[in-house]
Amino acid sequence: MDHILVAKNVTKTYGNSTALRNISLQIPKNSIYGLLGPNGAGKTTFIRIINQITHQDSGEIMLNGEPLAQKHIASIGYLPEERGLYKGMKVGEQALYLAQLKGLSKNEAKIRLKYWFDRLDIGDWWDKKIQELSKGMAQKIQFIVTVLHEPKLLIFDEPFSGFDPINANIIKDEILQLKENGTSIIFSTHRMESVEELCEYIALIHKSEKILDGKLSDIKKAYKNNVFNVGLQVEKDAKELMQSITQKFNVLSSEIDVVEHQLNFKVQLSTSQTGNVLSELSKMANINRFEETIPSANDIFIQTVNNKDNGK
Amino acid sequence: MANKLGLIIKREYLAKVRNRSFIVMTILSPLLIVGMIVLIAYLAKINDNGTRVISVLNESAFFQEELKPSKNISYVHFDDLTLEQAKDSTNSLEYYGLLYIPNGTTVEEVAKATYLFAKDNPNTSVTQELELMFQKKLRQDRLQKLGVSPKQFSNIENPFEINLSTFAGEKSMKGINEIKAFIGGAFGYAIMMFIIIYGGFVMRSVIEEKTSRIIEVIISSVKPFQLMLGKIIGNSLAGITQFTIWVVSASVLMFFAVLIFGIDLTALSSNSAMPHNTMGTMPQLGTMDNEMMMYAKEIYDIPWGLLIFSFFIYFILGYLIYSSIYAAIGAAVDNETDTQQFIFPIILPLMLAIYVGFFSVFSNPHGPIAVGFSLFPLTSPIVMLMRLPGGIGEGGVPLWQFLLSIFLLIITFFGIVSLAAKIYRTGILMYGKKPTYKELIKWLRY
């Protein structure tokens, strides 16, 4: 597979503290890659190294097959977590300035800005000053400025913070559209629901080290542990039934809904047991639910970090 | 790359120039300065114009000719009045005072018994003038007793001033060192003000980028060093613009103020500048003109070309050094209130330069202290400029000192800028920490 960015053994220290230790990552082209980790794990440092704001102490980074160099600035778009705009400057002027710093000509920048301003429905903001806009409005402008020079690699650090749900959705759709158009996207966040929605690949960084990476679906598969949610419709005594089930299987938790005559429980099975269980249960009651639990990105995140902390 | 630097300079310049308080300051300052000068001149005029009328009751045979009206005082003579009557008339006519000279046989006796009556404590310039008049008369009288005729006396009275010359044979002038140092000092002072004001602009601009959180967006496009450099250049161009507007508009305003209000600018300075001339008598005016001509020639002889040329060199180097320190400070802090502890050490050498300049360069432009401070890079832009009106070479600053100070400035410039850039690079991405000096030193090693 083709990779937009390959990092090999990247290490960065600040004085006595290590921000990144031997990080190696491959970020596939034309995908959304989630860079996850608790606060202070080193995500931002890694992103800053890609943007050449700081430089690694050792290790190398290849962008599109070439060693990362100053000229690549024009092919990267970066929306930092700590972001803002000049308060006293007009929206249009400011967007033009930032676009020109990324290497666009003034005319080209104007044409593209007009397109984006219309697209996000903010055409009449051109002559407003930033201090007159709300935080969410300013975020839209920052988003436009980030993608305007059509970079091959986009890096979003917590892109949805500051957006209301409606605008967050608009931005999410724009990100997906950009991916459709062939852009590779690095997406740094600790909001797991957006990871589930967007990311195909993830890497988990914790305490300066990469502790997990790969395709999200593969990771989920690997984290499945044969726990099933079962729902039974019962007519008679639910308690008695539950007891007999508990004797036979490793039930993790259960609840009885008296009003609905429903018995719900979570059961841990061994890999060979599945078919067996189904036939046994169907003799006892009506099965109306039987599904394998798939760990959420959130579960995986917490579990992996805790395992690591508890000193494996 | 150069293109991006241009963009940054342009943005910084426009942001500064369009700033409302900048515009207000640019327009208001010349008005205020000229207004102040006009006001002072006006007040001085009111103060002076009160030629005081003093009534004189002279019962003696002396002091008939001496009481001539002067710039300060005019006299009204009362005859055949008693002292009480004279006092009453003086009061009712609202004269400044009454000079009572009683009758007596000798000048000595009369002078001793003379009184000046006034409503309250009379102005010192009035009493001084009267005292001088009496002193002169007494001296003349005493000498006359020793056989000196009035004509001989007036010959004796001619004041004396020593003639000065350089070894080269040119006639040199008293006070010219002070004037030269003063002109250099004015240039040095301008540099100091410029550094403090526009260095502060740079610092605030860095803080603004930090607090508005735009900094990370920008430095993902340009190198921090470029941004810092663009900021320094853009702000100094804005400063130069403001400076030029000030000088031009203040001159124009001053010109009109002089025309409209008829202010005699020389009156402002003549009172204090040359005290020995207030005693001067009429015949001295001829030599005065001569003297003025020589001062004018000396001032004309100051190497203005060199002075202005070196003003720009020292200004540019000095400003670059100091404003990069200001930029580093701006990067290190989160808001302006935290800057105080760092700003004081910067202003210190500047103040030192001004004071050392005024105290040592004025009295001895080429003494060891003046030389030392004019070589030390943090003070040299100011102190060297104070020495330079004497020219370079013989009688002035030795060429090697001039070149060495520029050389040291350039070395320091590269040193300071690279250190400042390191602090800047680290500082702009640090939030919420109030840094200590120890922390800053650590940043230098990142």
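Me: Which residues of H4(A) and H5(A) meet?
Reply: From H4(A) they are A:Lys140, A:Phe143 and A:Val147. They meet A:Asn167, A:Ile171, A:Glu174, A:Ile175 and A:Leu178 in H5(A). Contact means heavy atoms within 4.5 Å. Helices (H or I, at least four residues) and strands (E, at least two) are DSSP runs, numbered from the N terminus.

Me: What kind of model is this, and how is it numbered?
Reply: This is a predicted model: local features need pLDDT of at least 70, side-chain atom pairs count only at pLDDT 80 or more, and totals for chains, interfaces and linings use all residues. Residues are numbered from 1 along each chain as its sequence is written, chains are lettered from A and ligands numbered from 1 in the order in which they are written, and side-chain values use heavy atoms, with hydrogens and water left out.

Me: Back to H4(A) and H5(A). At what angle do the axes cross?
Reply: Roughly 5 degrees, and the axes come within 12 Å. Axes are lines fitted to C-alpha atoms, for helices over the stretch in contact, and angles run from 0 to 180 degrees between N-to-C directions. H4(A) and H5(A) are therefore roughly parallel, a term for angles under 35 degrees.

Me: How many nonpolar residues are in that contact of H4(A) with H5(A)?
Reply: There are 5 nonpolar residues, plus 1 polar and 2 charged. Ala, Val, Leu, Ile, Met, Phe, Trp, Tyr, Cys and Pro count as nonpolar, Asp, Glu, Lys and Arg as charged, and the others, Gly among them, as polar.

Me: New topic. How many residues of chain A are in contact with chain B?
Reply: 25 residues of chain A, with 25 of chain B. Together the chains bury about 2500 Å², 59% of it on carbon and sulfur atoms. That is the accessible area (1.4 Å probe) that two parts lose on being put together, summed over both.

Me: How many salt bridges cross the interface of chain A and chain B?
Reply: The rule finds 3. A salt bridge is a side-chain nitrogen of Lys or Arg within 4 Å of a carboxyl oxygen of Asp or Glu. B:Glu216 and A:Arg48 meet in a salt bridge at 2.8 Å, N to O.

Me: Which elements of chain A give two or more residues to that side?
Reply: Helix H1 (43-50) and helix H2 (91-101). H2(A) gives the most, with 6 residues.

Me: And how many salt bridges over all chains?
Reply: The count comes to 28. A:Glu60 and A:Lys8 meet in a salt bridge at 3.6 Å. The pair is 52 residues apart, with A:Glu60 in strand E4 and A:Lys8 in strand E1.

Key
Angles under 35 degrees count as roughly parallel, over 145 as roughly antiparallel, 65 to 115 as roughly perpendicular and the rest as oblique.
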